[in-house]
Amino acid sequence: MDLSGAHIEAFIEMLSAERGAANNTLAAYQRDLDDFRDFLIDLGIAADAASSADITAYLSALGKRGFAASSQSRRLSALRQFYQFLYGEGLREDDPTGVIDAPKKAQPLPKTLSVTDVDRLLEQAQREAREPGPGQFERMRMAALLETLYASGMRVSELVTLPVGALKPNQRFLTIRGKGNKERAVPLSVRAHAALMAFDAERKARADETGDDNPHLFVSRSASGHLPRQVFARDLKGLAARAGLKTTTISPHVLRHAFASHLLQNGADLRAVQEMLGHSDISTTQIYTHVLEERLRELVEMHHPLAKHAKKRE
């Protein structure tokens, strides 16, 4: 005899009486457990007699029905509590959910920009930096910030707090201090180095006029003496709008992701990118493996003999 319906009802009553669960919570548990019971009825299995394999099959079926991992996890949580209740009441001798792991949530891919979009952004910044008149110093600063960020992939907090001594006229790299006070060297492109040197010349000229000995490269009138990252992010969105780009997709962090993605697309080693980003653990850098997988797929399609034969047959 299938008593699972009565057992579910007793479980819901326990949640209400002993735990004081809200009506919405009780209704959600009821729906989840009824759905599970209906799934098992079609297989000729009673819910209170289900095995771990039956529960895993149910979660798999939820995935095929389009349920997200978070929704599957919520269903599994309801089942765990139900079977713990049965075990505690002596209605089962085991808890079949004990060996089941929660479905893993898909890791969201980092937002990034295409090479074309980055080029548009940098060209707009360079165009504005060349415009004489009021505000040119700030426009040159923005151009230098963007060129450096895209060339190095450094964190925005590392970028805006760069000391004056980090820039060397005859060296195309910066030595920066990252998380955990660790030092690392990041390379600079020719464009980034030129933009930094042009801005630094203006900075020095202003410092000589005012007698300002601010130790920061990207000077500002802020209390910290350097450009606040929030101001940089705000001004970056304004620049993106003038370049005809969607401002919702633009931030300093997105440019850091673009740096990493574009390097990997063009054949860079994941370990080298890890070093340049300042990630202490390779697992953090592995959010970019989707880029590597796409590049490997393209390589196989372009160069593998079997792939070439398949295209000829088409």
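**Exercise 1.** With which residue does arginine 75 form a salt bridge?

*Solution.* Before we start, note that this is a predicted model, where local features need pLDDT of at least 70, side-chain atom pairs count only at pLDDT 80 or more, and totals for chains, interfaces and linings use all residues. Residues are numbered from 1 along each chain as its sequence is written, and side-chain values use heavy atoms, leaving out hydrogens and water.

Step 1: Recall the criterion, a side-chain nitrogen of Lys or Arg within 4 Å of a carboxyl oxygen of Asp or Glu.

Step 2: Arginine 75 pairs with aspartate 35, and their closest N and O atoms are 2.9 Å apart.

**Exercise 2.** Is arginine 65 buried or partly exposed?

*Solution.* Step 1: Arginine 65 has a relative accessible area of 47%, which means partly exposed.

Step 1: The side chain of arginine 65 also meets that of aspartate 35 in a salt bridge, at 3.4 Å from N to O.

**Exercise 3.** Which residue meets glutamate 158 in a salt bridge?

*Solution.* Step 1: The partner is arginine 155, at 2.7 Å from N to O.

Step 1: Glutamate 158 is buried at 6%, and arginine 155 is buried at 13%.

Note on methods: Buried means under 20% relative accessible area, exposed over 50%, partly exposed in between (1.4 Å probe, protein chains only).
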